[in-house]
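Subject: Structure handover

Hello,

Here is the structure we talked about passing on. Please open it first, then read the notes below.

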Amino acid sequence: MLRELRNPLRQQFVRTGAFSEYLVHQVLRLMIERCVRLDLYMRGSRRQLKSQLIWLIARLAESYEERQLPRVAL
């Protein structure tokens, strides 16, 4: 699911100007790697998942911008 939404999510963050494209790309890459390692899968509606992903990506990107280790459980 993350791989499928990667480009639209990245474009959405870049359009708003909240974070750099590089930072969003790296956060998404790390999230995808983590999901694969933990064998996570999607449950629930796609619409709800997308809004939750936007929130999660923003929190992780903020943590990385502040040079803190993210403390968000996946």
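How much space lies in the largest pocket? About 570 Å³. Keep in mind that this is a predicted model.

The pocket first. The largest pocket is lined by 20 residues. Closest to its centre are Leu2, Cys35, Tyr41, Met42 and Leu49. H3 provides the largest share, with five residues. By class, the lining of the largest pocket holds 14 nonpolar, four polar and two charged residues.

Now the helix pair. Two packed helices are described by the angle between their axes and the distance between the axes. Helix H2 covers residues 21–38, and helix H3 covers residues 46–65. Their axes come within 10 Å and cross at roughly 115°. Angles of 65 to 115 degrees count as roughly perpendicular, so H2 and H3 are roughly perpendicular to each other. Their crossing is right-handed.

Which residues make the contact? On the H2 side, they are Leu23, Val24, Val27, Leu28, Leu30 and Met31. On the H3 side, they are Leu53, Leu56, Ile57, Leu60, Ala61, Tyr64 and Glu65. Sorted by class, the contact of H2 with H3 has 12 nonpolar residues, one charged residue and no polar ones.

Best wishes

Notes. Residues numbered from 1 in each chain as written. Predicted model: local features only at pLDDT ≥ 70, side-chain atom pairs only at ≥ 80, totals over all residues. Heavy atoms only, no water. Axes fitted to C-alpha atoms, helices over the stretch in contact; angles between N-to-C directions. Helix = DSSP H or I, 4+ residues; strand = E, 2+ residues; numbered from the N terminus. Parallel < 35°, antiparallel > 145°, perpendicular 65-115°, else oblique. Left-handed = near helix turned anticlockwise from the far one by under 90°. Contact = heavy atoms within 4.5 Å. Nonpolar A, V, L, I, M, F, W, Y, C, P; charged D, E, K, R; others polar. 1 Å grid on protein atoms, 1.4 Å probe; cavity = no way out; pocket = protein on both sides within 12 Å on 5 of 7 lines; lining within 4 Å. Points joined across faces, edges and corners; volume = space filled by probe spheres on them.
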